[in-house]
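Colleague: I am new to this structure and would like to learn how to read its features. Please go through them with me.

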Amino acid sequence: MDDAVPPTDLLQEGQQAEPEYDPAAPAPLNVPRAPTGDAGVDAALHRLGDADHLATDGHVEVYEDVHRGLRDALTALDARPGPPAPPSPHAPRS
């Protein structure tokens, strides 16, 4: 018999057995994620929190999804028209 966890028949009423420590069990990393102000980027970073509740072998799917979202946000920046470029100092003036 394992002495680390008392048998349930020896527990007092209302008392619960302590769960066994499992180093491979999912555990939150509690990494702070500060808002960036960009809704797409913030949503992708928020998705990282989903990995906290998954076993390690489930992290890849979350990381690939976040990577795809961040890549899409960067691609969207290239598609937006920016301000006009300042005139080149070497361009001939009319």
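**Salt bridges, surface and loop**

Modeller: The side chains of Arg47 and Asp50 are joined by a salt bridge, at 2.7 Å from N to O. This is a predicted model, in which local features need pLDDT of at least 70 and side-chain atom pairs count only at pLDDT 80 or more, while totals for chains, interfaces and linings use all residues. Residues are numbered from 1 along each chain as its sequence is written, and side-chain values use heavy atoms, with hydrogens and water left out.

Colleague: What is a salt bridge, and how many does the count come to?

Modeller: A salt bridge is a side-chain nitrogen of Lys or Arg within 4 Å of a carboxyl oxygen of Asp or Glu. By this rule there are three salt bridges. Besides the pair above, Asp65 forms one with Arg47, with the closest N and O atoms 2.6 Å apart. Asp65 lies in helix 2 and Arg47 in helix 1, so this pair ties together parts that are 18 residues apart in sequence. Arg68 also forms a salt bridge with Asp65, and here the closest N and O atoms are 3.7 Å apart. Arg68 and Asp65 are three residues apart in helix 2, so about one helical turn separates them. Through shared partners, the salt bridges join Arg47, Asp50, Asp65 and Arg68 into one network.

Colleague: How many helices and strands does the secondary structure come to?

Modeller: Helices (H or I, at least four residues) and strands (E, at least two) are DSSP runs, numbered from the N terminus. The protein has two helices and zero strands. Helix 1 covers 39-47, and helix 2 covers residues 59-79.

Colleague: Which residues form a nonpolar patch on the surface?

Modeller: Patches are made of residues with over 30% relative accessible area and no salt bridge; like charges are joined within 9 Å, and nonpolar side chains (Val, Leu, Ile, Met, Phe, Trp, Tyr) within 5 Å. Accessible areas come from the Shrake-Rupley method with a 1.4 Å probe, and for residues only the protein chains shown count as cover. Here Leu29, Val31 and Tyr63 form such a patch, with about 310 Å² of accessible area together. Tyr63 is in helix 2 and counts as partly exposed at 39% relative accessibility. The protein exposes about 8300 Å², of which carbon and sulfur atoms supply 57%.

Colleague: Which residues does Leu48 touch, not counting those up to four places away in sequence?

Modeller: Contact means heavy atoms within 4.5 Å. With that exclusion, Leu48 touches Arg33, Val62, Tyr63 and Val66. Leu48 lies in the loop between helix 1 and helix 2. Leu48 and Arg33 are 15 residues apart in sequence and 9.2 Å apart in space, C-alpha to C-alpha.

Colleague: Where is Leu54 placed, and which residues is Leu54 in contact with?

Modeller: Leu54 is also in the loop between helix 1 and helix 2. Leaving aside neighbours within four places in sequence, Leu54 contacts Pro26, His59 and Val62. Leu54 and Ala25, 29 residues apart in sequence, are 8.2 Å apart in space, C-alpha to C-alpha.

Key: Buried means under 20% relative accessible area, exposed over 50%, partly exposed in between (1.4 Å probe, protein chains only).
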